[in-house]
Amino acid sequence: MAASPARRRRWEREQARLRTGLLEEDTEPWQKDPQFSGLHRVGGVDLSYIKGDESRACASLVVLSYPALEVLYQDCRMVPVTAPYVAGFLAFREVPVLVEAVQRLQQEEPQLQPQVLLVDGNGLLHPRGFGIACHLGVLTDLPCIGVAKNLLHVDGLVRDELHREQVRSLQRSGETLPLTGTSGKVLGMVLRSCSNSSRPLYVSVGHRVSLGTAVRLVRACCRFRVPEPIRQADIRSREYLRKQPCAPVEVLEAVPASPERWVCGQGGSAPGLSCSNGIKGTGRVTR
DNA sequence: GCGACAG
DNA sequence: ATCTTGTCGC
């Protein structure tokens with residue numbers, strides 16, 4: 001894709017502002033949101049892929065402390081990939097191995113269970129209102145938040161010039177913009193997560209978290225543009241691939257999938273997190 | 001009709 | 001997601 005003159009100008013302007021020190025690290029107490037006083041562990045997941053390899057990937061699950069954002073747990077391993085990537089069907093490609101990772105954590109270090117999970121991709125901001133963050137949330141019964149770095153075109157939302165202009169209007173970190181589809185529903189929020197990057201994040205409800213809480217929590221986890229849990233998971237999986245590109249796929253120990261795991265609503269929401277999302281399809285599942 | 005469209 | 005070089009700045 002050829003860089004448009006306009007985009008290049010914006011980039012140069014951003015660089016210039018960086019050089020002159022107009023954009024500085026956030027100094028605001030982004031981790032001190034009183035709403036999250038009961039929050040101690042935030043999880044993040046990510047998969048890294050190898051260029052010409054459609055059958056393997058490196059999956060990682062990390063758990064960070066809050067508000068210190070230090071890595072308490074990490075699980076990084078080669079996993080088999082069965083489905084291709086198709087926009088709108090990401091969950092079918094990544095969720096299976098992520099569920100197994102969460103189950104391993106629950107088995108081996110239950111005390112490190114995250115109170116909320118940040119997922120690469122969308123939740124409600126999805127053609128069928130059920131993106132990977134919803135999918136993973138329901139299967140693990142963990143509160144999940146969808147964090148995408150690009151806009152998925154859905155319900156009339158497109159990354160056209162108008163959208164780019166709206167994104168440009170987000171000047172300071174923490175500023176948001178609702179993503180309202182043609183249907184009139186607010187499907188997510190555009191979030192400028194840090195002052196150093198003009199590229200936003202697309203936050204949406206995954207499971208058992210309200211949109212407002214999701215946005216504040218994501219921002220509370222941002223040292224850089226990508227929230228630390230996802231960033232740490234990303235760093236670990238690509239570093240693993242860099243060092244051991246030929247690592248064999250691990251034989252996955254079949255954790256018995258007891259139906260109880262799929263029955264949600266037995267635990268409350270994470271301490272300090274409001275859990276009302278009022279969204280059909282991602283609420284509690286009662287068999 | 002064709003193409004855009006999370007990772 | 002991945003492929004890539006240098007460049008600028010703290």
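Author: What follows covers the DNA contacts and then the cysteines.

Author: The model is predicted, so local features need pLDDT of at least 70 and side-chain atom pairs count only at pLDDT 80 or more, while totals for chains, interfaces and linings use all residues. Residues are numbered from 1 along each chain as its sequence is written, chains are lettered from A and ligands numbered from 1 in the order in which they are written, and side-chain values use heavy atoms, with hydrogens and water left out.

Reader: How many residues surround DNA strand B?

Author: There are 19 around DNA strand B, counting a residue as near if one of its heavy atoms lies within 4 Å of the strand. The closest are Ala87, Gly88, Lys149, Asn150 and His153.

Reader: Which polar side-chain atom lies 2.9 Å from a phosphate oxygen of DNA strand B?

Author: One belonging to Tyr85. For a polar contact, the pair of N or O atoms must be within 3.5 Å; within protein, one must be able to donate a hydrogen and the other to accept it, and residues adjacent in sequence count only if both atoms are side-chain atoms.

Reader: And what lies 3.1 Å from a base nitrogen?

Author: A polar side-chain atom of His126. Ile132 has a backbone N or O atom 3.3 Å from a base nitrogen of DNA strand B.

Reader: Changing topic, how many disulfides?

Author: The search of the whole structure finds 0, a disulfide being a pair of cysteine sulfur atoms within 2.5 Å.

Reader: Is Cys58 buried or exposed?

Author: Cys58 is buried, at a relative accessible area of 0% (buried is under 20%, exposed over 50%, partly exposed in between, with a 1.4 Å probe and protein chains only).
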